[in-house]
Amino acid sequence: MREGWAVKQLGEVLRLEYGKPLDKSDRNPDGKYPAYGANGEKDRTDKSLCDTPSIVVGRKGSAGEITLTEDRFWPLDVTYYAEFNRQKYDLRFIYYLLITLNLPDLAKGVKPGINRNEVYALSTLVPPLPEQRRIVAILDEAFEGIATAKANAEKNLQNAREVFEGHLNAVFSQRGEGWVDRRLGDVAMEFGRGKSKHRPRNDPKLYGGNFPFIQTGDVRNSSHLITSYDQTYNDAGLAQSKLWPKGTLCITIAANIAETGILDFDACFPDSIIGLVANEKISTNKYIEYLLTSFKSRLQLLGKGSAQDNINLATFENQYFPFPPLSDQKLIISTLDDLHEETQHLESLYQQKLTAIDELKQSLLHQAFNGDL
């Protein structure tokens, strides 16, 4: 241990005070001060409960989330706020310290909550005030550079996606000779909703077998091809459902609207997903999947307005989409496949960079609070 550093329980360093409710009449979106919830600013107000800068810790809900505030503020009743001796401890040092302690790991309960006595029991190394300020100056400078690098990587990641999306949209908006507007049913051998007849749908007797069961989240999380699943049906589950063949195009119509993906295996799915098997004399599932991806935002607008956004089979039965000759479809697929592969490669590189940036930040914090910085 470096000279002057001491091992202390967090309860010796700070106290966590309860936030308080804020009347609706005291909330004002144009108010002078922020009103903080468990994971950041939730409202504005002209009243302040705390008149000095501090740290807000999520107490319920987003328990353990940390917010630094350097203005007067109101901590809502789902939070704690930190009180400590300003002559002995630097505000930003305490902020960085709390980040390193992974407070969300202490959260318990159905609606996660943190007991402040468990926070107080955590042990940490604490240096003298001048050393705290030296560490803060180093971390502030380093994190400013890290934030810039992260913003650039995120922007590059977004640019890569936008290039693909722009080309995709251009393909289907610039029609050539021989293009025909068709409904999806006109180009399908099979076209209909999945089946999950049994009630309740989550009956354990249906699950745990050999038949993949795809849900809307599996479709949303796919990248054109559905290669994984979290649940399976057994024989009883299959009996009340339908097994769709590998290569089926899946289209979500509830929860995650108009998300698409192509099955890489035989699978069942519920009626919140439409299955389409293309008539290969007219089109292919892959062309239709790219086509619907380009139309996704328009299809999603059709589902707005209900308590839970959704569309139905009739939405697709009544919509017309552009279909060029089959030979042109194959050329479009080849071009989009190549561009998608390159986009995926770039996304992977930028994602690796973002991961490395986050790891660097954690490494710096670890060094700082072990006396190695």
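This is a predicted model: local features need pLDDT of at least 70, side-chain atom pairs count only at pLDDT 80 or more; totals for chains, interfaces and linings use all residues.

Residues are numbered from 1 along each chain as its sequence is written, and side-chain values use heavy atoms, with hydrogens and water left out.

A pocket is an open set of points on a 1 Å grid over the protein atoms alone, where a 1.4 Å probe fits and protein lies on both sides within 12 Å along at least five of seven lines; lining residues have an atom within 4 Å of a point.

| Pocket | Volume | Lining by class |
|---|---|---|
| Largest | about 450 Å³ | three nonpolar, nine polar, seven charged |

Of the 19 residues that line the largest pocket, Glu165, Ser222, His224, Thr293 and Lys296 lie nearest its centre. Two or more lining residues come from each of α4 (129–173), α5 (216–220), α7 (285–294) and α10 (326–368), where helices are DSSP runs of H or I with at least four residues and strands are runs of E with at least two.

The lining of the second largest pocket includes His224, Lys286, Asp337 and His340. At least two of its residues are supplied by each of β16 (260–263), α7 and α10, and α7 gives the largest share, three residues.

The helices α4 and α10 pack at about 170°, their axes 10 Å apart, which makes α4 roughly antiparallel to α10 (an angle over 145 degrees). Their contact has 25 nonpolar, six polar and seven charged residues.

Key:
Grid points are joined across faces, edges and corners, and a volume is the space filled by probe spheres set on the points. Ala, Val, Leu, Ile, Met, Phe, Trp, Tyr, Cys and Pro count as nonpolar, Asp, Glu, Lys and Arg as charged, and the others, Gly among them, as polar. Axes are lines fitted to C-alpha atoms, for helices over the stretch in contact, and angles run from 0 to 180 degrees between N-to-C directions. Angles under 35 degrees count as roughly parallel, over 145 as roughly antiparallel, 65 to 115 as roughly perpendicular and the rest as oblique.
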